[in-house]
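This report is a first guide to the structure shown below.

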Amino acid sequence: LGIGLSVDDFGTGYSSLRHLSKLPVNSLKIDRAFVSDLAQGSDEAAVVQSIVLLGKSLGKSIVAEGIETPAQVEHLLAMGCAMGQGYHLSRPIVAELVDKMLAGLAAQAHAAPGHQRFERPALFH
């Protein structure tokens, strides 16, 4: 069906490494608690880097939650995490605007192939 599964809020609660290796999961979403306090050399940075390396070694996509600043984007990109969500990238939108947002993203990708996934869609500039 083309549907993928993600482990949400990875690194908190009942996230289990045993389940990670057994379940058919496509991606890990790094909990916003780690991203919000992200600073170079911090304990949170070490946890995020570990999740990115673990996920990549298992062939999983990595998504960072709660991105609110350009500095967080830079830290995440430096760690190898190229996908994310949060207010810095986009505020929540109503369903009727999704098509417009996707058209803007497609135009942006066509105009600048290979751009960073963290760039804001043209709709939100």
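## Helix α4 and its surroundings

The buried residues of α4 pack against α2 (32-36), α3 and β3. The model is a predicted one. Helix α4 spans residues 70-79, and its buried residues are Gln72, Val73, His75, Leu76 and Met79. Seen down the axis of α4, these buried residues fall within an arc of 165°, so they line one face of the helix. Pro70, Glu74 and Ala78, on the other side of α4, are exposed. After α4 comes Gly80, which has a positive phi, near 95°.

Helix α3 covers residues 43-57 and contains Leu53. Is Leu53 buried or exposed? Leu53 counts as exposed because its relative accessible area is 52%, and the cut-off for exposed is over 50%. In sequence, Leu53 and Met79 are separated by 26 residues; in space, their C-alpha atoms are 8.6 Å apart.

Strand β2, residues 27-30, is covered on both faces. Ser27 and Lys29 lie on one side, Leu28 and Ile30 lie on the other, and all are buried. What is the sense of the pairing between β2 and β3? The two strands pair in the parallel sense, over 4 bridges, with β3 formed by residues 61-64. Within this pairing, Leu28 stands opposite Ile62 of β3. Strand β3 is also one of the elements against which the buried residues of α4 pack.

## Rings

The count of aromatic pairs is 0. A charged side chain does sit over a ring: Arg91 lies over the face of Tyr87, at 4.1 Å from the ring centre.

## Confidence

For the chain, the mean pLDDT is 80, and 82% of the residues reach 70 or more.

| Element | Residues | Mean pLDDT |
|---|---|---|
| β1, lowest | 6-10 | 73 |
| β3, highest | 61-64 | 93 |

Over residues 120-125 the pLDDT is below 50. Beyond near neighbours in sequence, this stretch has 19 contacts in the model.

How values were computed: Residues numbered from 1 in each chain as written. Heavy atoms only, no water. Buried < 20%, exposed > 50% of the residue type's maximum accessible area, 1.4 Å probe, protein only. Pairing = 2+ DSSP bridges. pLDDT = per-residue confidence, 0-100. Contact = heavy atoms within 4.5 Å. Phe/Tyr/Trp six-rings, centres within 6.5 Å; stacked < 30°, edge-to-face > 60°. Lys NZ or Arg CZ within 6 Å of the ring centre and 35° of its normal. Arc of directions from axis to C-beta.
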